[in-house]
Amino acid sequence: MKKTTSVITLLLLVLAVFWSIKTSMPNYKADLDSVETSFSTDKALKHVQEISKEPHAVGFPAHNKVRAYIISELEKLGLSTSVQEGYTAGDWGNLSKAMNIVARIKGSGDGKALLLLSHYDSNPHSALGASDAGSGVATILEGIRAFLAQNKQPKNDIIILISDAEELGLNGADLFVSEHPWTKDVGLVINFEARGSGGPGIMLLETNRGNNNLIKEFIKADLKYPVATSLAYSIYKMLPNDTDLTVFREGADIDGFNFAFIDDHYDYHTAKDNYERLDRNTLAHQGNNLMPMLTHFSEIDLGTIRSLKDTVYFNIPFFKTISYPFDWIWKMLGIGVIGFLVILIQGFRKKLLNGKDILKGFIPLLAALSINGLVGFYSWPLLKWIYPGYEDILQGFTYNGHAYIFAFVFFSIGACFYMYHKLKVVKTPNLLVAPLLFWLVLCGGVCNYLNGASYFIIPVYATLVALYILINQKNPNAFLLVFLCLPTIFIFSPLIQLFPIALGLKMMVASTLFTTLTFFLLLPLFTRFRNKRALGLLSFFLAIGFMVSAHMDSGFTEENSKPTSLVYVMDIDTKKATWATYENQVSDWTAQYIGENKKPADTRNTKTISSKYRSGFTYISDAPWKVIATPKIDIFKDTIIGDKRHIEVCITPQRNVNRLEIFTNDIAFHKAVVNKVELSPYYLDNRNNGRLITHYITDNTYTDLTLEISKNDPLELTLYEASNDLLTNPLFTVPQRPIKNIPMPFVLNDAIITIQKIDFE
């Protein structure tokens, strides 16, 4: 291939990669003065700013302020609102008093209603919740404003549910589904969520049946920037991820769509999840997702969207969302296999293929997969060894994570170019046989185990066509080969970066392997580049450049702050107090209390206050004893009736607290009721580490336990009572964090904890 043509084709490929990612989202433009009937990102941002001024978890003072603001904004739109209030423990044993905000727009028909859903509570205790899920609430508020400005009555009722206590265990959604009379009216749910502060709003389905009709209607809604793939749908169903929408699907058999953005994961549940860091393009994308969905699904018969059939779907520029039924999966694979065999036969007949060179084609394939697989697999452990502070970013995605993705992707490309440079004596058709055979086997496994990814066969088709052309034409047009590379670029480029973004840098191996597999499908063009060694070196230099960039940004700054933690733990029974931290790399701020005299925490004690990733204390040190008020414990009943023992205990705080966690010894419970909420038998049989209940306390209320156990079983209750006031309590003089530190998310932080046991012999 001539040098000029090589440069142009390479630039076209780079442009295609850029285009495949760039076209997934709109570009934010100031739109405060836009038409009243259109969604305004600037107006939505005003809601985000108001909602995210302070941490507003359940039981926090700002929680009431945020609820009042949302109610006020809905009433400004002429909607009558109500607050549904009640205790619920969900499926996770997290008790809280949820206060849902509910409103309804009356439709002209009598069919099923469309429900718009997001939650307004932030994660305890320091998260500001601008993205999670202030962005979702703002999207709904602004979307409803623009919809009502059209002065058109929808056919279907539109129910607005701004749920509470989602962060504690989907409690608000559980309360609505189990107790609100409107649940029976709902035909479809559209939920807005976030697990970071940027990136496109990805559509994720929740259905107990097939997705065929849902996808058909989704396509008819004609979103301008749809981001939807049945691969994400299949993976999402396998992972232990839940949203409020999950409760509707599991508890009421109601289908729905999630729209969730997941990039910039390092901001998730932190004090950095603020108004300033929310990506404006992302919020604009959520608005672009809502408006056509709201228009379409408020008019169609929601009673007809159920289906037993599943559909494969994916995005591609210009064509938006493409779908086809699962019934085609094996047929499409069969077509690919037959086409491959026919082309092989033709190649052997024309003597352009030979067994020896085909076998040689497996050498660079296996070498590239092995090298890039090993580099990707060990990248995260190596990075944590070089930069120990990364251990304290519990999300698993560092502030410089995108630079690492680019670095390892370019390394993988460089390794591939170098491997195929070494086999330049083998003609391209022979080199293509091994990758195509590998891909067909891979597609067979996908069809069997991961149906939603079966559209991977489509780029394979394009490469098969390229192989056919190379066998039948001595010098095929380079730009035709570029055209045949486009399905591979458009379909796989967004996925290469998505895996570590979605699953953390520990899954960098997915990016390195997927880059390698993508490279294989681009071989019809790449093998025509004469200077593959130079391209490999360029890729390696780019990888080094991004690694240097990542290193320069590896430290903690005011913008990219180090997560830190400190708690004061007081054991009432042993009369011993300790400082404790979850940090692996102890910060200077924490070292004031857990410094030279620190010792590793006893990880054998499984009865420790729970955290999202089951993180336990890393270090402890002795602390002075303080006079902290302990809870009042009243035993109202301890009676044996037949072969069961009935116990009633009431635990009342004597100081301002946020959380009570109760553990028990290893015994079976016939029944457990907490504040009149009965814990499910399934939960009681599958408790972790003896935890009975976590009560996220509102208004310093009591915790009332009613328990039934076997009469001969001794019962031991261990109470962990916690308040998030370590930095403000007058008994302590803990200074405020430096500007380069933030409270560590996902763990109990800045807390005063008392521990005491109650024995029932």
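Predicted model: local features only at pLDDT ≥ 70, side-chain atom pairs only at ≥ 80, totals over all residues.
Residues are numbered from 1 along each chain as its sequence is written. Local features need pLDDT of at least 70, side-chain atom pairs count only at pLDDT 80 or more, totals for chains, interfaces and linings use all residues, and side-chain values use heavy atoms, without hydrogens and water.

**Stop 1: helix α1**

Select residues 3-22, the 20 residues of α1. Helices (H or I, at least four residues) and strands (E, at least two) are DSSP runs, numbered from the N terminus. At 1.5 Å times one less than its number of residues, α1 should span 28 Å, and its end C-alpha atoms are 28 Å apart, which agrees.

Now colour Thr-5, Ser-6, Thr-9, Leu-13, Ala-16 and Ser-20, which are buried. Buried means under 20% relative accessible area, exposed over 50%, and partly exposed in between (1.4 Å probe, protein chains only).

**Stop 2: two cis bonds**

Most peptide bonds are trans. Go to Pro-124 and His-125: their bond is cis, with omega near -5°. His-125 sits in the loop between β3 (113-119) and α4 (130-148). Next, select Asp-132 and Ala-133, also joined by a cis bond, with omega about -5°. Ala-133 belongs to helix α4.

**Stop 3**

Select Lys-320, in strand β9 (residues 320-325). Its phi is near 60°. Lys-320 is partly exposed, at 31%. Finish at Phe-746, in the loop between β23 (741-743) and β24 (751-760). Its phi is about 75°. Phe-746 is buried, at 6% relative accessibility.
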